[in-house]
Amino acid sequence: MLITEVEAYLNELGEPKFRLKQIQTAIYTQFVKNFSDITTLSLSLRTNLHTKFGVINSLKVLHSVSGSQVEKVLFETKNGNLIEAVKLSYKATSERGAHTALCISTQSGCAMGCQFCATGAIGFKQNLSADEIVSQYLYFRQRGDTIDSIIFMGMGEPFVNPDNLFTSLYLFTDKNLLALSPTRLSISTVGIIPGIERLIKEYPHVNLTFSLHSPFDDQRSKFMPVNKTYQINEVFKVLDKYIEETKNRVFIAYTLLKDFNDSESHALALTNLIKTNTHTSYLYHVNLIRYNPCPSEVIFERSEPEAVKAFQEILEKSRISNTLRQDFGVDIDAACGQLYATYSKK
Ligand code: SF4
């Protein structure tokens, strides 16, 4: 149920304008689960809204699993497709205090076909509506959880579902709705250039991560087919533009895969890509990720600790800001798509 649908229905019923505000407050500030709980409305209006829209959250919880610092929830959409959201509880570090991030999906499955990804192996099922994107967050807030930031890094490539993605950004950030600062949102993309350009225009303060995973076009095109359409240098040009226009940092996600993309030449080429534009290079930050092997796939293996260390040392020698991400969630198959895959086999 989208708030715009509620607005249209209220108009149809001839309700005064302030009713919409009452409903928005109840859903997005008080996080009520049912229309019947909105006690500022008359009983007959509550009944009408319930009859028309049912429960407020359109997603059904099928399964959830928790591990150390991670909780993963499998939802079913109205169309019967499955999606996942992952709540990550980070401990305090020297750089940042303890915080909770929610990783949400924008599609069920994904058509991008990245070979290291469990969601890619599922194939495309559906684009999520803006309501379904936001409902993942509402679920956690409705049960009383605090969420400090939202990462669009679950199932799917956000920028190939652009209209629903951008409507969800409106719902998340509008002052009358969820009122989150755009700086608390982060979109991860495999490099869909039109999507990045639209983000620069419409939501320049939303954070951006480019999932790179190889600095070489020929190699990247083989295991991330999107690279045939949007090549690395072209993506970096638009990332430079994002930095120049917003002065925000850009994050480069780099999953280290044993004997595949963890060599010295890969680290040096990555360094060169970032150093090409000296005006922007200081605002790139590389997130090195240890690979979570997918149970059904044996194409890749996790890099050896020595290779990870050597890779990181090359970045540091060139003063490229980088972090080796906290390694948690392996025990519950935290990589997106893995819970779906496990559940579907039952
Ligand atoms: Fe899709 Fe992202 Fe997985 Fe690639 S990495 S297949 S874009 S979900």
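This note goes through selected features of a predicted model, point by point.

1. Basis of the note. The model is predicted, so local features are discussed only at a pLDDT of at least 70 and side-chain atom pairs only at pLDDT 80 or more, whereas totals for chains, interfaces and linings use all residues. Residue numbers start from 1 along each chain as its sequence is written, and side-chain values rest on heavy atoms, with hydrogens and water left out.

2. Helices H1 and H3. Helix H1 covers residues 3–13 and helix H3 covers residues 43–53. Helices (H or I, at least four residues) and strands (E, at least two) are DSSP runs, numbered from the N terminus. The axes of H1 and H3 are 12 Å apart, and the two helices pack at an angle of about 130°. H1 is therefore oblique to H3. Axes here are lines fitted to C-alpha atoms, for helices over the stretch in contact, and angles run from 0 to 180 degrees between N-to-C directions. Angles under 35 degrees count as roughly parallel, over 145 as roughly antiparallel, 65 to 115 as roughly perpendicular and the rest as oblique.

3. The contact of H1 with H3. H1 passes H3 in a right-handed crossing. A crossing is right-handed if the near helix is turned clockwise from the far one by less than a right angle, and left-handed if anticlockwise. On the H1 side, the contact is made by Glu5, Val6, Tyr9, Leu10 and Leu13; on the H3 side, by Leu45, Asn48, Leu49, Lys52 and Phe53. Contact means heavy atoms within 4.5 Å. These residues divide into seven nonpolar, one polar and two charged. Ala, Val, Leu, Ile, Met, Phe, Trp, Tyr, Cys and Pro count as nonpolar, Asp, Glu, Lys and Arg as charged, and the others, Gly among them, as polar.

4. Helices H6 and H7. The axes of helix H6 (residues 162–173) and helix H7 (residues 193–202) come within 12 Å and cross at roughly 25°. H6 is therefore roughly parallel to H7. The crossing of H6 past H7 is right-handed. Pro162, Asp163, Phe166 and Leu169 of H6 meet Gly195, Arg198, Leu199 and Glu202 of H7. By class, the contact of H6 with H7 has four nonpolar, one polar and three charged residues.

5. Helices H7 and H9. H7 also packs with helix H9 (residues 232–246), at an angle of about 5° and with the axes 10 Å apart. H7 is therefore roughly parallel to H9. H7 contributes Ile193, Ile196, Glu197, Leu199 and Ile200, while H9 contributes Glu234, Val235, Val238, Leu239, Lys241, Tyr242 and Glu245. The residues of this contact divide into eight nonpolar, no polar and four charged.

6. Surroundings of the ligand. The ligand is surrounded by Cys110, Met112, Gly113, Cys114, Cys117, Thr119, Gly120, Gly156, Glu157 and Val190. A residue is near the molecule if one of its heavy atoms lies within 4 Å of it. The shell has five nonpolar, four polar and one charged residues.

7. A strand residue. Ser149 is in strand S7 (residues 149–152). Is Ser149 buried or exposed? Ser149 counts as buried because its relative accessibility is 14%. Buried means under 20% relative accessible area, exposed over 50%, and partly exposed in between (1.4 Å probe, protein chains only). Leaving aside residues up to four places away in sequence, Ser149 touches Thr100, Ala101, Leu102 and Arg184.

8. Positive phi angles. Most residues other than glycine have a negative phi. Ala179, in the loop between H6 and strand S8 (185–189), has a positive phi near 55°. Ala179 is partly exposed, at 43% relative accessibility. Asp259 also has a positive phi, of about 55°, although it is not a glycine. Asp259 lies in the loop between strand S10 (250–256) and helix H10 (264–275) and is exposed, with a relative accessible area of 69%.

9. Thr29 is in the loop between helix H2 (18–28) and H3 and is exposed, at 53% relative accessible area. Thr29 and Gln142 are 113 residues apart in sequence and 9.9 Å apart in space, C-alpha to C-alpha. Ile299 lies in the loop between strand S11 (284–290) and helix H11 (305–317) and is partly exposed, at 48%.
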